[in-house]
Amino acid sequence: MDFIGLLGLLGLLGFFSGRGLESKINNRINNLPNNDSRIAQNEKFIADHQKEIERLHFALQNCVSTGDLNNFYRQLQNEIQRNYATNAAVYELERKISALPQAADIQAALRDINQRLAALEKRIDALENKKYPAPTAAPPADTKIFEQRIAALEFQISEQNKTRAQYQNYFQQVQAALTNLQNLNSSCDERIKKLETVQPPPLAVSPTPKLPTQEKVETVQTPPKKLSIQDFQLKKNNRPLFSNKPGDAKKTLATVENLSGIISFLEGSNFGKKDSFIRLIKNYQHNLQKFSDKVKRGKFDEDNFSEEVTNAFFGTLQKYFLSNLPVSIYRGNSENPKFYAAFLEKINEYLSACRVYTELVEPQKIMNHDDIEKMNIVKKDTAVKAEDKIIDEVERLPYFLDYLTDDGEIERFCFDGSMVVLKFDGGAK
(Lines give C-alpha, C1' and ligand atoms only; values in the text may rest on other atoms or scores of the structure.)
Protein backbone atom coordinates (compact mmCIF):
# COMPACT_ATOMS: atom_id res chain seq x y z
CA MET A 1 0.00 0.00 0.00
CA ASP A 2 1.52 3.39 -0.98
CA PHE A 3 1.80 6.28 1.43
CA ILE A 4 -1.02 8.38 -0.07
CA GLY A 5 -3.40 5.45 0.12
CA LEU A 6 -2.44 4.92 3.72
CA LEU A 7 -3.20 8.55 4.53
CA GLY A 8 -6.59 8.29 2.93
CA LEU A 9 -7.39 5.16 4.87
CA LEU A 10 -6.35 6.72 8.14
CA GLY A 11 -8.42 9.85 7.40
CA LEU A 12 -11.52 7.80 6.77
CA LEU A 13 -10.78 5.81 9.91
CA GLY A 14 -10.44 9.00 11.99
CA PHE A 15 -13.61 10.50 10.58
CA PHE A 16 -15.77 7.43 11.19
CA SER A 17 -14.14 6.63 14.50
CA GLY A 18 -14.66 10.27 15.70
CA ARG A 19 -18.31 10.40 14.71
CA GLY A 20 -18.84 6.88 16.01
CA LEU A 21 -17.24 7.73 19.36
CA GLU A 22 -19.37 10.84 19.83
CA SER A 23 -22.60 8.95 19.13
CA LYS A 24 -21.50 6.08 21.34
CA ILE A 25 -20.77 8.45 24.24
CA ASN A 26 -24.13 10.19 23.94
CA ASN A 27 -25.99 6.87 23.78
CA ARG A 28 -24.15 5.48 26.75
CA ILE A 29 -24.78 8.56 28.86
CA ASN A 30 -28.47 8.57 28.07
CA ASN A 31 -28.81 4.85 28.88
CA LEU A 32 -26.92 4.89 32.22
CA PRO A 33 -29.18 3.48 34.98
CA ASN A 34 -27.63 5.47 37.90
CA ASN A 35 -24.63 7.57 38.87
CA ASP A 36 -22.30 4.72 39.82
CA SER A 37 -23.02 2.63 36.71
CA ARG A 38 -22.63 5.68 34.46
CA ILE A 39 -19.23 6.49 35.89
CA ALA A 40 -18.05 2.86 35.54
CA GLN A 41 -19.21 2.60 31.94
CA ASN A 42 -17.56 5.94 31.03
CA GLU A 43 -14.29 4.86 32.54
CA LYS A 44 -14.44 1.56 30.62
CA PHE A 45 -15.26 3.34 27.37
CA ILE A 46 -12.37 5.75 27.81
CA ALA A 47 -9.98 2.89 28.53
CA ASP A 48 -11.11 1.00 25.43
CA HIS A 49 -10.76 4.13 23.33
CA GLN A 50 -7.21 4.70 24.60
CA LYS A 51 -6.27 1.07 23.82
CA GLU A 52 -7.63 1.46 20.29
CA ILE A 53 -5.57 4.65 19.79
CA GLU A 54 -2.43 2.93 21.12
CA ARG A 55 -2.96 -0.04 18.82
CA LEU A 56 -3.43 2.22 15.82
CA HIS A 57 -0.38 4.23 16.78
CA PHE A 58 1.71 1.06 17.03
CA ALA A 59 0.48 -0.18 13.63
CA LEU A 60 1.37 3.13 11.96
CA GLN A 61 4.89 3.16 13.41
CA ASN A 62 5.52 -0.36 12.04
CA CYS A 63 4.17 0.45 8.56
CA VAL A 64 5.66 3.92 7.86
CA SER A 65 9.09 5.20 8.84
CA THR A 66 9.33 8.53 6.97
CA GLY A 67 9.12 12.09 8.39
CA ASP A 68 5.66 12.58 6.94
CA LEU A 69 4.41 9.96 9.38
CA ASN A 70 5.16 12.36 12.25
CA ASN A 71 2.98 14.97 10.57
CA PHE A 72 0.16 12.56 10.29
CA TYR A 73 0.61 11.52 13.90
CA ARG A 74 0.26 15.16 15.01
CA GLN A 75 -2.89 15.54 12.94
CA LEU A 76 -4.26 12.41 14.50
CA GLN A 77 -3.51 13.70 18.01
CA ASN A 78 -5.28 16.98 17.22
CA GLU A 79 -8.29 15.07 16.02
CA ILE A 80 -8.38 13.01 19.19
CA GLN A 81 -8.09 16.15 21.34
CA ARG A 82 -10.95 17.72 19.36
CA ASN A 83 -13.08 14.69 20.18
CA TYR A 84 -12.24 15.05 23.86
CA ALA A 85 -13.03 18.78 23.78
CA THR A 86 -16.34 18.05 22.07
CA ASN A 87 -17.32 15.75 24.89
CA ALA A 88 -15.84 17.90 27.73
CA ALA A 89 -19.30 19.13 28.66
CA VAL A 90 -20.43 15.53 28.99
CA TYR A 91 -17.57 14.73 31.37
CA GLU A 92 -18.26 17.84 33.44
CA LEU A 93 -21.93 16.91 33.71
CA GLU A 94 -20.98 13.42 34.84
CA ARG A 95 -18.71 14.91 37.53
CA LYS A 96 -21.46 17.19 38.88
CA ILE A 97 -23.96 14.29 38.91
CA SER A 98 -21.54 12.15 40.91
CA ALA A 99 -21.03 14.98 43.40
CA LEU A 100 -24.74 15.31 44.16
CA PRO A 101 -25.85 13.96 47.57
CA GLN A 102 -27.65 10.64 47.53
CA ALA A 103 -31.22 10.18 48.67
CA ALA A 104 -30.07 8.46 51.87
CA ASP A 105 -27.99 11.49 52.90
CA ILE A 106 -30.91 13.84 52.27
CA GLN A 107 -33.20 11.73 54.39
CA ALA A 108 -30.65 11.72 57.25
CA ALA A 109 -30.38 15.51 57.14
CA LEU A 110 -34.16 15.86 57.25
CA ARG A 111 -34.38 13.60 60.26
CA ASP A 112 -31.75 15.70 62.10
CA ILE A 113 -33.65 18.93 61.36
CA ASN A 114 -36.94 17.40 62.61
CA GLN A 115 -35.24 16.33 65.84
CA ARG A 116 -33.92 19.84 66.47
CA LEU A 117 -37.32 21.39 65.80
CA ALA A 118 -38.94 19.00 68.26
CA ALA A 119 -36.36 19.95 70.94
CA LEU A 120 -37.07 23.66 70.39
CA GLU A 121 -40.82 23.09 70.68
CA LYS A 122 -40.31 21.34 74.04
CA ARG A 123 -38.22 24.28 75.37
CA ILE A 124 -40.83 26.81 74.22
CA ASP A 125 -43.62 24.83 75.93
CA ALA A 126 -41.59 24.66 79.15
CA LEU A 127 -41.00 28.41 79.16
CA GLU A 128 -44.66 29.19 78.47
CA ASN A 129 -45.88 26.95 81.28
CA LYS A 130 -43.32 28.17 83.87
CA LYS A 131 -44.83 29.78 87.00
CA TYR A 132 -43.21 33.04 88.21
CA PRO A 133 -43.89 34.56 91.67
CA ALA A 134 -46.18 37.59 91.63
CA PRO A 135 -44.35 40.93 92.21
CA THR A 136 -44.70 42.42 95.65
CA ALA A 137 -46.39 45.85 95.87
CA ALA A 138 -44.23 48.89 96.68
CA PRO A 139 -44.70 50.37 100.10
CA PRO A 140 -47.00 53.41 100.09
CA ALA A 141 -45.16 56.70 99.95
CA ASP A 142 -45.39 59.19 102.81
CA THR A 143 -47.48 61.84 101.11
CA LYS A 144 -47.21 64.20 104.08
CA ILE A 145 -43.46 64.68 103.55
CA PHE A 146 -43.98 65.59 99.89
CA GLU A 147 -46.79 67.96 100.78
CA GLN A 148 -44.54 69.73 103.29
CA ARG A 149 -41.74 70.07 100.76
CA ILE A 150 -44.13 71.46 98.14
CA ALA A 151 -45.49 73.97 100.65
CA ALA A 152 -41.94 75.10 101.56
CA LEU A 153 -41.03 75.58 97.90
CA GLU A 154 -44.20 77.55 97.26
CA PHE A 155 -43.40 79.81 100.22
CA GLN A 156 -39.86 80.44 98.88
CA ILE A 157 -41.24 81.30 95.47
CA SER A 158 -43.70 83.77 96.93
CA GLU A 159 -40.95 85.45 99.00
CA GLN A 160 -38.73 85.77 95.93
CA ASN A 161 -41.58 87.34 94.00
CA LYS A 162 -42.05 89.89 96.79
CA THR A 163 -38.33 90.73 96.80
CA ARG A 164 -38.31 91.13 93.03
CA ALA A 165 -41.27 93.48 93.21
CA GLN A 166 -39.49 95.58 95.86
CA TYR A 167 -36.37 95.85 93.70
CA GLN A 168 -38.43 96.85 90.68
CA ASN A 169 -40.06 99.61 92.72
CA TYR A 170 -36.67 100.78 93.99
CA PHE A 171 -35.27 100.77 90.43
CA GLN A 172 -38.13 102.95 89.23
CA GLN A 173 -37.45 105.42 92.05
CA VAL A 174 -33.76 105.59 91.13
CA GLN A 175 -34.63 106.18 87.49
CA ALA A 176 -36.97 109.03 88.47
CA ALA A 177 -34.27 110.60 90.68
CA LEU A 178 -31.73 110.31 87.87
CA THR A 179 -34.09 112.04 85.45
CA ASN A 180 -34.62 114.88 87.93
CA LEU A 181 -30.88 115.22 88.40
CA GLN A 182 -30.31 115.45 84.65
CA ASN A 183 -32.97 118.13 84.35
CA LEU A 184 -31.39 120.07 87.22
CA ASN A 185 -27.97 119.78 85.62
CA SER A 186 -29.20 121.17 82.31
CA SER A 187 -30.96 124.07 84.07
CA CYS A 188 -27.74 124.86 85.97
CA ASP A 189 -25.80 124.87 82.70
CA GLU A 190 -28.22 127.40 81.26
CA ARG A 191 -27.90 129.66 84.31
CA ILE A 192 -24.09 129.47 84.15
CA LYS A 193 -24.13 130.48 80.48
CA LYS A 194 -26.32 133.49 81.27
CA LEU A 195 -24.07 134.59 84.12
CA GLU A 196 -21.00 134.27 81.90
CA THR A 197 -22.49 136.52 79.23
CA VAL A 198 -23.56 139.29 81.68
CA GLN A 199 -20.64 141.20 83.27
CA PRO A 200 -21.48 142.29 86.83
CA PRO A 201 -20.56 145.84 87.92
CA PRO A 202 -17.28 146.17 89.81
CA LEU A 203 -17.62 145.91 93.54
CA ALA A 204 -16.06 148.49 95.85
CA VAL A 205 -13.24 146.90 97.73
CA SER A 206 -12.71 148.19 101.23
CA PRO A 207 -9.18 147.95 102.57
CA THR A 208 -8.70 145.12 105.00
CA PRO A 209 -7.54 146.45 108.34
CA LYS A 210 -4.23 145.10 109.45
CA LEU A 211 -4.46 143.23 112.70
CA PRO A 212 -1.65 143.55 115.17
CA THR A 213 -0.89 139.84 114.98
CA GLN A 214 -1.12 139.60 111.14
CA GLU A 215 2.20 139.14 109.35
CA LYS A 216 2.95 139.24 105.67
CA VAL A 217 3.49 135.75 104.21
CA GLU A 218 5.86 135.55 101.30
CA THR A 219 5.81 132.53 98.95
CA VAL A 220 9.25 131.57 97.73
CA GLN A 221 9.42 129.47 94.56
CA THR A 222 12.05 126.76 94.64
CA PRO A 223 13.98 126.84 91.38
CA PRO A 224 14.26 123.54 89.46
CA LYS A 225 17.22 121.44 90.45
CA LYS A 226 20.22 121.76 88.15
CA LEU A 227 21.28 118.52 86.50
CA SER A 228 24.53 116.92 87.59
CA ILE A 229 26.64 114.32 85.84
CA GLN A 230 25.19 111.69 88.20
CA ASP A 231 21.78 112.14 86.49
CA PHE A 232 23.26 110.68 83.28
CA GLN A 233 24.28 107.43 84.93
CA LEU A 234 22.71 104.22 83.52
CA LYS A 235 22.81 100.80 85.17
CA LYS A 236 24.30 97.80 83.43
CA ASN A 237 22.09 95.06 82.04
CA ASN A 238 23.50 91.53 82.33
CA ARG A 239 22.34 90.48 78.84
CA PRO A 240 23.76 91.76 75.54
CA LEU A 241 21.38 93.55 73.18
CA PHE A 242 21.92 91.22 70.19
CA SER A 243 22.41 87.47 70.58
CA ASN A 244 24.25 85.18 68.17
CA LYS A 245 20.94 84.01 66.69
CA PRO A 246 19.91 86.15 63.69
CA GLY A 247 16.33 84.99 64.17
CA ASP A 248 16.12 86.94 67.47
CA ALA A 249 17.10 90.24 65.82
CA LYS A 250 13.54 91.09 64.72
CA LYS A 251 12.36 91.72 68.29
CA THR A 252 15.54 93.65 69.12
CA LEU A 253 15.15 95.91 66.09
CA ALA A 254 11.65 96.80 67.21
CA THR A 255 13.15 98.01 70.51
CA VAL A 256 15.97 100.14 69.07
CA GLU A 257 13.64 101.69 66.47
CA ASN A 258 11.08 102.76 69.07
CA LEU A 259 11.71 106.52 69.43
CA SER A 260 8.05 107.40 69.97
CA GLY A 261 8.57 108.46 73.60
CA ILE A 262 11.29 111.00 72.71
CA ILE A 263 9.48 112.36 69.64
CA SER A 264 6.14 112.72 71.46
CA PHE A 265 7.83 114.63 74.27
CA LEU A 266 9.59 117.04 71.92
CA GLU A 267 6.54 117.67 69.76
CA GLY A 268 4.39 118.35 72.82
CA SER A 269 6.87 120.77 74.37
CA ASN A 270 6.68 124.56 74.00
CA PHE A 271 10.43 125.05 74.39
CA GLY A 272 11.76 127.26 71.61
CA LYS A 273 14.82 125.16 70.83
CA LYS A 274 12.97 121.87 70.53
CA ASP A 275 13.05 121.96 66.70
CA SER A 276 16.82 121.43 66.58
CA PHE A 277 16.46 118.34 68.79
CA ILE A 278 13.61 117.04 66.62
CA ARG A 279 15.82 117.34 63.52
CA LEU A 280 18.62 115.53 65.34
CA ILE A 281 16.31 112.66 66.38
CA LYS A 282 14.82 112.41 62.86
CA ASN A 283 18.32 112.22 61.37
CA TYR A 284 19.25 109.47 63.81
CA GLN A 285 15.99 107.65 62.99
CA HIS A 286 16.78 107.81 59.26
CA ASN A 287 20.26 106.30 59.67
CA LEU A 288 18.90 103.77 62.14
CA GLN A 289 16.49 102.58 59.45
CA LYS A 290 19.43 101.99 57.09
CA PHE A 291 21.10 99.81 59.73
CA SER A 292 17.84 97.90 60.31
CA ASP A 293 17.46 97.21 56.57
CA LYS A 294 20.97 95.69 56.45
CA VAL A 295 20.09 93.36 59.32
CA LYS A 296 16.87 92.26 57.64
CA ARG A 297 18.71 91.59 54.35
CA GLY A 298 21.23 89.36 56.16
CA LYS A 299 24.30 91.53 55.54
CA PHE A 300 26.07 90.38 58.70
CA ASP A 301 28.11 87.19 59.25
CA GLU A 302 26.05 84.62 61.15
CA ASP A 303 29.15 83.14 62.84
CA ASN A 304 29.98 86.51 64.49
CA PHE A 305 26.49 87.97 64.32
CA SER A 306 26.30 89.53 67.79
CA GLU A 307 29.67 91.29 67.48
CA GLU A 308 29.14 92.62 63.96
CA VAL A 309 25.55 93.79 64.35
CA THR A 310 26.24 95.37 67.78
CA ASN A 311 29.24 97.23 66.36
CA ALA A 312 27.13 98.58 63.49
CA PHE A 313 24.28 99.69 65.77
CA PHE A 314 26.59 101.25 68.37
CA GLY A 315 28.42 103.15 65.63
CA THR A 316 25.12 104.66 64.45
CA LEU A 317 24.16 105.47 68.04
CA GLN A 318 27.49 107.20 68.70
CA LYS A 319 27.55 109.29 65.54
CA TYR A 320 23.98 110.55 65.46
CA PHE A 321 22.87 110.35 69.11
CA LEU A 322 25.50 110.11 71.85
CA SER A 323 27.99 112.54 70.32
CA ASN A 324 25.49 115.44 70.58
CA LEU A 325 22.61 114.84 72.98
CA PRO A 326 24.24 114.21 76.40
CA VAL A 327 26.58 117.23 76.12
CA SER A 328 23.79 119.47 74.78
CA ILE A 329 21.52 118.52 77.70
CA TYR A 330 24.35 118.98 80.22
CA ARG A 331 25.30 122.44 78.92
CA GLY A 332 21.77 123.71 78.27
CA ASN A 333 20.41 122.64 81.65
CA SER A 334 20.91 126.04 83.26
CA GLU A 335 18.85 127.73 80.51
CA ASN A 336 15.65 125.66 81.04
CA PRO A 337 16.14 123.08 83.83
CA LYS A 338 12.56 121.76 83.65
CA PHE A 339 12.69 120.96 79.94
CA TYR A 340 16.16 119.42 79.99
CA ALA A 341 15.42 117.28 83.06
CA ALA A 342 12.34 115.79 81.36
CA PHE A 343 14.25 115.44 78.08
CA LEU A 344 17.09 113.56 79.80
CA GLU A 345 14.57 111.21 81.41
CA LYS A 346 13.24 110.20 77.95
CA ILE A 347 16.80 109.80 76.60
CA ASN A 348 17.79 107.56 79.51
CA GLU A 349 14.65 105.42 79.08
CA TYR A 350 15.53 104.78 75.44
CA LEU A 351 19.19 103.99 76.14
CA SER A 352 18.28 101.62 78.97
CA ALA A 353 15.86 99.80 76.67
CA CYS A 354 18.78 99.38 74.24
CA ARG A 355 20.87 97.99 77.18
CA VAL A 356 23.37 100.85 76.99
CA TYR A 357 25.05 101.62 80.32
CA THR A 358 27.62 104.03 81.77
CA GLU A 359 30.35 104.08 84.35
CA LEU A 360 30.36 107.01 86.75
CA VAL A 361 33.33 109.40 86.64
CA GLU A 362 32.94 112.09 89.29
CA PRO A 363 34.47 115.59 89.33
CA GLN A 364 36.70 116.88 92.14
CA LYS A 365 38.50 113.53 92.29
CA ILE A 366 41.97 112.62 91.16
CA MET A 367 42.13 111.12 87.71
CA ASN A 368 43.22 107.45 87.69
CA HIS A 369 44.41 104.99 85.03
CA ASP A 370 40.91 103.65 84.30
CA ASP A 371 39.66 107.18 83.64
CA ILE A 372 42.39 107.70 81.04
CA GLU A 373 41.30 104.57 79.12
CA LYS A 374 37.62 105.52 78.79
CA MET A 375 37.65 109.36 78.78
CA ASN A 376 38.68 112.10 76.37
CA ILE A 377 40.73 114.58 78.43
CA VAL A 378 40.84 118.35 78.03
CA LYS A 379 43.59 119.90 80.18
CA LYS A 380 43.13 123.10 82.11
CA ASP A 381 46.05 124.94 83.69
CA THR A 382 46.16 125.65 87.42
CA ALA A 383 48.69 127.54 89.51
CA VAL A 384 47.94 125.39 92.55
CA LYS A 385 50.14 122.32 92.70
CA ALA A 386 47.70 120.44 94.93
CA GLU A 387 45.06 120.65 92.17
CA ASP A 388 47.19 118.79 89.65
CA LYS A 389 45.30 115.87 88.00
CA ILE A 390 42.06 116.84 89.70
CA ILE A 391 38.95 116.28 87.52
CA ASP A 392 37.48 119.74 87.21
CA GLU A 393 34.38 118.87 85.17
CA VAL A 394 32.75 115.85 83.47
CA GLU A 395 30.72 116.79 80.40
CA ARG A 396 29.84 113.26 79.25
CA LEU A 397 30.08 109.86 80.89
CA PRO A 398 31.49 106.88 78.94
CA TYR A 399 28.75 104.76 77.32
CA PHE A 400 29.08 100.98 76.85
CA LEU A 401 27.23 98.23 74.96
CA ASP A 402 27.91 94.50 75.42
CA TYR A 403 28.08 91.81 72.72
CA LEU A 404 28.74 88.07 72.51
CA THR A 405 31.86 86.60 70.92
CA ASP A 406 31.69 83.48 68.75
CA ASP A 407 32.71 81.52 71.89
CA GLY A 408 29.77 82.96 73.88
CA GLU A 409 31.93 85.28 76.00
CA ILE A 410 30.65 88.80 76.82
CA GLU A 411 32.76 91.72 75.57
CA ARG A 412 31.85 95.39 75.21
CA PHE A 413 32.18 98.41 72.95
CA CYS A 414 32.94 101.79 74.53
CA PHE A 415 32.12 105.36 73.51
CA ASP A 416 34.55 107.53 75.45
CA GLY A 417 33.33 110.21 77.82
CA SER A 418 34.65 113.74 78.05
CA MET A 419 36.18 115.58 81.05
CA VAL A 420 38.34 118.56 81.98
CA VAL A 421 41.41 117.81 84.13
CA LEU A 422 43.52 120.40 85.94
CA LYS A 423 47.25 120.52 85.22
CA PHE A 424 49.81 122.31 87.36
CA ASP A 425 51.67 124.85 85.17
CA GLY A 426 54.58 125.49 87.55
CA GLY A 427 52.98 128.37 89.41
CA ALA A 428 54.40 131.82 90.23
CA LYS A 429 57.95 131.98 91.62
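## Briefing: aromatic pairs, core and surface

Phe277 is buried, at a relative accessible area of 7%. The model it belongs to is predicted. The protein comprises 13 helices and six strands, and 27% of its 429 residues are buried. Among contacts with a separation of 6 or more, 76% are between residues 24 or more positions apart.

**Aromatic pairs**

- The structure contains 19 aromatic pairs.
- Phe277 and Tyr340 form an edge-to-face pair, because their ring centres are 6.1 Å apart and their planes stand at 85°.
- This pair joins distant parts of the chain, with Phe277 in helix α9 (residues 274-296) and Tyr340 in helix α12 (residues 337-353), 63 residues apart.
- Tyr340 counts as buried because its relative accessibility is 3%, under the 20% limit.
- Tyr284 and Tyr350 are also edge-to-face, since their ring centres lie 6.3 Å apart with planes at 80°.
- Tyr284 is in helix α9 and Tyr350 in helix α12, so this pair ties together parts 66 residues apart in sequence.
- Tyr284 and Tyr350 are both buried.
- Phe265, Phe271, Phe277, Phe339, Tyr340 and Phe343 are linked into a cluster by ring pairs.

**Nonpolar core**

- The largest nonpolar core has 57 residues, and those with the most contacts inside it include Leu317, Phe343 and Tyr350.
- Leaving aside residues up to four places away in sequence, Leu317 touches Tyr284, Leu322, Tyr350, Leu351 and Val356.

**Surface**

- The protein exposes about 31,300 Å², of which carbon and sulfur atoms supply 54%.
- Leu110, Ile113, Leu117 and Leu120 make a nonpolar surface patch of about 360 Å².
- Leu110 sits in helix α5 (residues 103-128) and is partly exposed, at 42% relative accessibility.

Note on methods: Residues are numbered from 1 along each chain as its sequence is written. This is a predicted model: local features need pLDDT of at least 70, side-chain atom pairs count only at pLDDT 80 or more; totals for chains, interfaces and linings use all residues. Side-chain values use heavy atoms; hydrogens and water are left out. A nonpolar core is a set of buried Ala, Val, Leu, Ile, Met, Phe, Trp, Tyr and Cys residues joined through side-chain atoms within 4.5 Å. Buried means under 20% relative accessible area, exposed over 50%, partly exposed in between (1.4 Å probe, protein chains only). Contact means heavy atoms within 4.5 Å. Helices (H or I, at least four residues) and strands (E, at least two) are DSSP runs, numbered from the N terminus. Accessible areas come from the Shrake-Rupley method with a 1.4 Å probe; for residues, only the protein chains shown count as cover. Patches are made of residues with over 30% relative accessible area and no salt bridge: like charges are joined within 9 Å, nonpolar side chains (Val, Leu, Ile, Met, Phe, Trp, Tyr) within 5 Å. A salt bridge is a side-chain nitrogen of Lys or Arg within 4 Å of a carboxyl oxygen of Asp or Glu. Rings of Phe, Tyr and Trp (its six-membered ring) pair if their centres lie within 6.5 Å; planes under 30 degrees apart count as stacked, over 60 as edge-to-face and the rest as tilted.
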